[in-house]
There are 2 protein chains.
Amino acid sequence: MLGIDPGSRVTGFAVVETHGGALYPVGFGVIRPAAGEMAARLAEIFAGVARVVAELRPEALAIESVFLARNAQSALKLGQARGAAICAAAQAGLPVFEYAPRAVKLAVVGSGRADKTQVQHMMRQILRIEEPLAADAADALAVAVCHSHTEQTRGYSSRRLAAAQDAAR
Amino acid sequence: MLGIDPGSRVTGFAVVETHGGALYPVGFGVIRPAAGEMAARLAEIFAGVARVVAELRPEALAIESVFLARNAQSALKLGQARGAAICAAAQAGLPVFEYAPRAVKLAVVGSGRADKTQVQHMMRQILRIEEPLAADAADALAVAVCHSHTEQTRGYSSRRLAAAQDAAR
């Protein structure tokens with residue numbers, strides 16, 4: 001599971017895996033394109049995400065949906081960075097899942113109004129991360145964890161449904 | 001020279017070439033991603049632009065800069081489409097040039113306030129296009145033509161400067 005927190009200056013990425021019901025961080029970090037022209041920065045985001053996908057082999061991308069950006073200019077920049085990151089994953093055949101920011105915070109902190117510090121703290125707790133954790137990497141971990149929880153719940157529900165159907169026969 | 005007019009629903013593309021001071025259309029059209037999820041649509045724009053670059057071998061991408069979008073939501077969508085198109089060109093090694101919408105209209109129609117119909121009309125005139133021309137393809141042709149004019153003027157200025165320098169020796 002790949003989580004991405006896109007941004008034109010800093011794009012956070014994180015890959016988590018589930019083993020025996022527990023979540024493990026496979027790799028996480030940030031892509032910081034060199035200062036320069038917009039097209040070169042987008043190409044760096046694309047190449048960075050493509051490299052993470054090639055090396056860490058996640059099976060899907062989870063990304064926060066965007067409700068509202070501060071203004072049209074920042075929305076355009078965020079959109080371009082999102083487009084670069086999503087294309088890199090989609091080109092590699094990964095399905096893309098979007099989660100509302102509130103849903104991500106609710107899933108990982110237990111409150112839709114959690115701030116960045118709380119998300120960082122919870123990610124280090126849940127994933128037993130001891131080294132310092134950049135805020136953008138923490139946000140990428142959070143959306144990946146949110147998706148993993150959703151998938152597990154969905155799997156659990158399907159198994160319960162299958163069991164119930166078996167029992168009903 | 002590749003011109004792109006990006007959009008989440010319709011992305012116009014056009015490749016033009018200069019021979020002996022005259023401009024020729026090499027290919028143009030629109031990429032219309034199938035209705036569906038945002039990520040799949042972005043992947044279609046990326047793949048469509050990558051295909052145009054591979055088949056028609058333009059040496060650079062020209063694209064309109066964005067001054068202001070109607071609102072943050074449409075800016076985000078436009079940004080995502082722009083990000084997909086620009087990444088496809090940048091990944092193929094094309095340098096990217098941005099032109100203000102006013103500059104493009106001024107270059108191809110002679111007025112910064114020209115409307116879409118005038119741009120379509122002038123593109124068919126300048127490039128001797130007889131078949132119907134979609135508005136988005138016309139806009140892509142316009143930014144490609146604008147860049148070609150700029151490059152020619154730049155080349156002409158450099159040649160004049162070199163001649164003047166030679167004469168001054």
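**Entry 1. Arginine over tyrosine**

I began with charges over rings: A:Arg128 lies over the face of A:Tyr24, at 5.2 Å from the ring centre. I then turned to chain B, where the charged end of B:Arg128 sits over the ring of B:Tyr24, 5.2 Å from its centre. I note here that the model is predicted.

**Entry 2. Aromatic rings**

How many aromatic pairs does the structure hold over all chains? I found 1. The ring centres of A:Phe46 and B:Phe46 are 4.9 Å apart and the planes stand at 15 degrees, so I wrote the pair down as stacked. For that label the planes must be under 30 degrees apart. The pair crosses between chains: A:Phe46 belongs to helix α1 (residues 38-56) of chain A, and B:Phe46 to helix α1 (residues 38-56) of chain B. Are these two residues buried or exposed? Both A:Phe46 and B:Phe46 are buried.

**Entry 3. The interface between the chains**

I next looked up the contact between chain B and chain A. I counted 27 residues of chain B in contact with 27 residues of chain A. About 2000 Å² is buried between the two chains, and carbon and sulfur atoms give 73% of this area. Which three residues supply more than any others of the area that chain B buries against chain A? They are B:Phe46, B:Leu76 and B:Cys87, with 22%. B:Phe46 is also a member of the stacked pair. I looked for salt bridges between chain B and chain A and the count was 0.

**Entry 4. Salt bridges**

Over all chains the search gave 4 salt bridges.

In the pair of A:Glu98 and A:Arg82, the closest N and O atoms are 2.6 Å apart. This bridge links distant parts of the chain, 16 residues apart: A:Glu98 is in strand β5 (residues 96-99) of chain A and A:Arg82 in helix α2 (residues 72-91) of chain A. I have A:Glu98 as partly exposed because its relative accessible area is 40%. The cut-off for buried is under 20%.

A:Asp139 and A:Lys116 form a salt bridge at 2.3 Å, N to O. They are 23 residues apart, with A:Asp139 in helix α5 (residues 135-168) of chain A and A:Lys116 in helix α4 (residues 116-126) of chain A. A:Asp139 counts as buried at 13% relative accessibility, whereas A:Lys116 is partly exposed at 44%.

B:Lys116 is in helix α4 (residues 116-126) of chain B and B:Asp139 in helix α5 (residues 135-168) of chain B, 23 residues apart. The relative accessible area is 46% for B:Lys116, which is partly exposed, and 13% for B:Asp139, which is buried.

**Entry 5. Strand β1 of chain B**

Last, I looked at strand β1 (residues 2-5) of chain B. Side chains in a regular strand alternate between the two faces of the sheet. Here B:Leu2 and B:Ile4 point one way, B:Gly3 and B:Asp5 the other way, and all are buried.

Which strands pair with β1(B)? One is strand β2 (residues 11-19) of chain B, which runs antiparallel to β1(B) and is joined to it by 4 bridges. These two strands form a hairpin with 5 residues between them. Strand β4 (residues 61-64) of chain B pairs with β1(B) in the parallel sense, over 3 bridges. I followed B:Leu2 into both neighbours: the bridge partner is B:Val15 in β2(B) and B:Leu61 in β4(B).

Key. Residues are numbered from 1 along each chain as its sequence is written. Chains are lettered from A and ligands numbered from 1 in the order in which they are written. This is a predicted model: local features need pLDDT of at least 70, side-chain atom pairs count only at pLDDT 80 or more; totals for chains, interfaces and linings use all residues. Side-chain values use heavy atoms; hydrogens and water are left out. Buried means under 20% relative accessible area, exposed over 50%, partly exposed in between (1.4 Å probe, protein chains only). Two strands pair if DSSP finds at least two bridges between them. Rings of Phe, Tyr and Trp (its six-membered ring) pair if their centres lie within 6.5 Å; planes under 30 degrees apart count as stacked, over 60 as edge-to-face and the rest as tilted. A charge sits over a ring if NZ of Lys or CZ of Arg is within 6 Å of the ring centre and within 35 degrees of the ring normal. Contact means heavy atoms within 4.5 Å. Buried area is the accessible area (1.4 Å probe) that two parts lose on being put together, summed over both. A salt bridge is a side-chain nitrogen of Lys or Arg within 4 Å of a carboxyl oxygen of Asp or Glu.
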